[in-house]
Amino acid sequence: MYNDRQVIAIVLAGGKGQRFGKDIPKQLYELNGHPIIYYSLKVFNSDHFIDEIIVVSNKEYLEATRNICNIFHKVSDVVVGGETRSLSSMNGVMSVRNLNSYVLIHDSARPFVTNELIRQLLSNVEETGAVIPVLRSVDTLVEVRSDRYVANTLDRNSVFRVQTPQCFKYEVIFEAYRRYLGKFVDLPDDSSLVIKEGISRVKTIEGDERNIKITTQEDILISINFSSFYSF
Ligand code: CTP
Ligand code: MG
């Protein structure tokens, strides 16, 4: 509970992990003895503010995903995802039953979400109804044209990298996906839909460098170090 609202985590695990290149989706791949999705479920399940977790699963791996979820008592539902991240996220949002809630939408491919980040998101969500964690880039960022030549060097002070969880008042994210229905463009994250549909302003807070998204095999090398901090 937070501000008299239920707090619901939606954990997205509907992807195939094509860039990761294994024969199972990356969220089921084991890192230091546990599937990648296990780590974020563990954090949400033990978080003081979280009341309920909804997991959005890849259709082909529903049983395997359910088996992992079994030990987490806050998981109330494992629903089937869609062809794209946006459709999976929409399925998660539409399966929320308590309308007086805050939702945190999270990529299961980010195992190292923290209780502190959850707390920061919740304490900032009331103002606009939408808040996301962002990070500056240490590298110079450039805009590159389709011919691979640099078009522009971007201002590093105004360009940020976006992470999950992203936190919303339920009515904000519900309205975004209600308008999205039937438009089959895939968006990279949930806050971009809120902006695209003009629902509300999106506030940013400081993200966490450890909260990486596992995308390719190289990311496993970094993750093995981080996961050793967990004493499961
Ligand atoms: N996701 C999802 N449903 C999809 C596609 C992605 O729930 N149809 C989830 C993934 O499981 C992941 C998160 O969205 O936790 C971020 O997506 P990404 O890192 O792109 O994962 P994948 O789509 O699985 O990987 P790839 O793009 O390499 O295939
Ligand atoms: Mg993807």
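Tutor: Start with the ligand. The space taken by ligand 1 is the largest pocket. Keep in mind that this is a predicted model.

Student: Which elements give two or more residues to the shell around ligand 1?

Tutor: Two do: strand 1, residues 6-13, and helix 3, residues 85-94.

Student: How many residues surround ligand 1, and which are the closest?

Tutor: There are 19 around ligand 1. The closest are Gly-14, Gly-17, Gln-18, Lys-26 and Ser-88.

Student: And how do the residues of that shell divide by class?

Tutor: Three are nonpolar, nine are polar and seven are charged.

Student: OK, zoom in. How far is an oxygen atom of ligand 1 from a polar backbone atom of Gly-14?

Tutor: The distance is 2.8 Å. For Gly-17, a polar backbone atom is also 2.8 Å from an oxygen atom of ligand 1. Then look at Ser-108. One of its backbone N or O atoms lies 3.2 Å from a ligand 1 oxygen.

Student: How much of ligand 1 does the protein bury?

Tutor: Taken alone, ligand 1 exposes 560 Å². The protein buries 88% of that.

Student: What classes are in the lining of the largest pocket?

Tutor: Eight nonpolar, 15 polar and 12 charged residues.

Student: What about the second largest pocket? How much space lies in it?

Tutor: About 180 Å³. The second largest pocket is lined by 12 residues. Nearest its centre are Val-43, Phe-112, Val-113, Thr-114 and Tyr-230. By class, this lining has seven nonpolar, three polar and two charged residues.

Student: New topic: the backbone. Where is there a cis peptide bond?

Tutor: Go to Thr-164 and Pro-165. A cis peptide bond joins them, with omega about 5 degrees.

Student: Where does Pro-165 sit?

Tutor: In the loop between strand 10 (160-162) and strand 11 (166-169).

Student: One last thing. Is phi of Asn-3 positive or negative?

Tutor: Positive, near 50 degrees, and Asn-3 is a residue other than glycine. You will find Asn-3 in the segment before strand 1.

Methods: Residues numbered from 1 in each chain as written. Chains lettered and ligands numbered in written order. Predicted model: local features only at pLDDT ≥ 70, side-chain atom pairs only at ≥ 80, totals over all residues. Heavy atoms only, no water. Near = heavy atom within 4 Å. Polar contact = N/O pair within 3.5 Å; in protein donor to acceptor, adjacent residues only side chain to side chain. Areas by Shrake-Rupley, 256 points an atom, 1.4 Å probe, with all protein chains shown as cover. 1 Å grid on protein atoms, 1.4 Å probe; cavity = no way out; pocket = protein on both sides within 12 Å on 5 of 7 lines; lining within 4 Å. Sits in = over half its atoms within 2 Å of the grid points. Helix = DSSP H or I, 4+ residues; strand = E, 2+ residues; numbered from the N terminus. Nonpolar A, V, L, I, M, F, W, Y, C, P; charged D, E, K, R; others polar. Points joined across faces, edges and corners; volume = space filled by probe spheres on them.
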